[in-house]
Amino acid sequence: MAENEKVAIVTGGARGIGKEICRELLAMGMTVTAVDLKAELLDKLPGELGNPGAKLQTAVCDVTDSDNFSKLIEDVAEKHGRLDVLVNNAGITRDNIVLQLTDDDWDLVLKVNLKSAFIGTRAAGKIMMRQRSGSIVYMSSYSGLEGNRGQANYAASKAGMLGLMKSTAKELAKRSVRCNAVCPGFIQTDMTDVLPQQAKDMAMEQIPMQRFGKPSDIAKAVAFLASDSSAYITGQTLSVDGGMHT
Ligand code: NDP
């Protein structure tokens with residue numbers, strides 16, 4: 001399948017890293033559906049991505065809603081006749097030290113970050129197994145590899161994504177359906193802009209390359225894993241973090 005005939009779904013695609021992933025996959029000629037919560041952000045997306053016309057579709061959907069998210073994936077595959085790429089990118093933080101973490105903040109972060117990836121994997125996996133090809137990319141995190149103070153819920157969700165990714169990679173490999181994860185370090189987006197300056201300074205001290213990442217740094221890694229350039233790579237975790245995790 002030529003890259004420009006592929007069909008992709010990107011969750012959390014309206015802003016931040018997800019938006020840059022949409023831009024990158026569109027540049028490869030893919031037909032992309034950006035999924036997100038806020039219609040007003042999705043409405044602005046075509047203009048922000050250079051008005052790609054029918055190559056870009058948008059859909060308001062809460063990825064924790066199992067029925068709606070699964071149906072959305074099935075509908076995209078039916079409309080375009082195939083589904084080649086799912087990027088499980090939507091994610092949130094609810095940071096607190098573990099001794100003060102509430103049940104609600106634990107449950108919410110696990111649901112948005114990890115359960116949604118499971119729901120997406122199950123729905124897309126069925127389509128891709130029938131098709132005998134596909135690539136599922138999981139947006140994990142440096143925190144999922146190393147843990148992070150104040151992020152026990154987030155780190156657990158991101159580590160959980162790696163377990164989900166590796167198990168699914170083993171189950172789906174025989175039909176050339178690949179699963180891989182990207183672990184961003186500290187990337188400049190709305191998610192990190194809200195951190196206090198002291199936290200940003202401490203983060204910078206840990207980055208050997210001495211700069212925060214750009215959303216496009218992550219998007220290029222996702223594009224590689226989504227494309228046939230990585231045709232023999234599955235079950236892998238790619239750190240994109242300026243050298244933090246080695
Ligand atoms: P942003 O907060 O900028 O964007 C996340 C997007 O996901 C938002 O548009 C948000 O919608 C959407 N979203 C949240 N919950 C849901 C949901 N239930 N259903 C559908 N969409 C949802 O985050 P980033 O771009 O910074 O992060 C993207 C991914 O990368 C996340 O998984 C994050 O954990 C991961 N990551 C980010 C790092 C960083 O440094 N920025 C580092 C490591 C990993 P809304 O606008 O309504 O909030």
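Start by selecting Ser135, which stands opposite Arg178 in strand E6. Before you go on, know that this is a predicted model, where local features need pLDDT of at least 70 and side-chain atom pairs count only at pLDDT 80 or more, while totals for chains, interfaces and linings use all residues. Residues are numbered from 1 along each chain as its sequence is written, and side-chain values use heavy atoms, with hydrogens and water left out.

**The sheet**

Strand E5 (residues 134-139) runs parallel to strand E6 (residues 177-184), and six bridges join the two. Two strands count as paired if DSSP finds at least two bridges between them.

Zoom out, and you have an open sheet of seven strands in the order E3-E2-E1-E4-E5-E6-E7, with parallel pairing. Which strands stand at the edges? They are E3 and E7, each with a single partner strand, so one side of each has no neighbour in the sheet. Look along the sheet and follow its twist, which averages 20 degrees from one strand to the next (axes are lines fitted to C-alpha atoms, for helices over the stretch in contact, and angles run from 0 to 180 degrees between N-to-C directions).

Next, pick strand E2 (residues 31-36) and strand E3 (residues 56-60), a parallel pair with five bridges. Within it, Thr33 sits opposite Gln57 of E3. Trace the chain from E2 through helix H2 (residues 39-48) to E3, and you follow a right-handed β-α-β crossover. To check the hand yourself, point the strands away from you: right-handed means that the path from the first strand over the helix to the second runs clockwise.

**Helix H4**

Select residues 103-131 for helix H4. With 29 residues at 1.5 Å each, H4 should span 42 Å, and its end C-alpha atoms are 40 Å apart, which agrees (the expected span is 1.5 Å times one less than the number of residues). Centre the view on Lys111 to find a kink of about 40 degrees; the bend at a residue is the angle between axes fitted to the seven residues ending there and the seven starting there.

**Salt bridges**

Go to Asp228 and Lys6, whose salt bridge has an N to O distance of 2.9 Å. Asp228 is in the loop between helix H9 (215-226) and strand E7 (236-240) and Lys6 in the segment before strand E1 (7-11), so this pair ties together parts 222 residues apart in sequence. Asp228 is partly exposed at 42% relative accessible area, whereas Lys6 is buried at 5% (buried is under 20%, exposed over 50%, partly exposed in between, with a 1.4 Å probe and protein chains only).

Now select Asp190 and Arg15, joined by a salt bridge at 2.6 Å, N to O. Asp190 belongs to helix H7 (residues 190-193) and Arg15 to the loop between E1 and helix H1 (16-27), 175 residues apart. Asp190 is partly exposed at 43%, and Arg15 is partly exposed at 40%.

Finish with Lys71 and Asp75, a salt bridge with its closest N and O atoms 3.0 Å apart. Both are in helix H3 (residues 66-80), four residues apart, which means about one helical turn between them.

Terms used. Salt bridge = Lys/Arg side-chain N within 4 Å of Asp/Glu carboxyl O.
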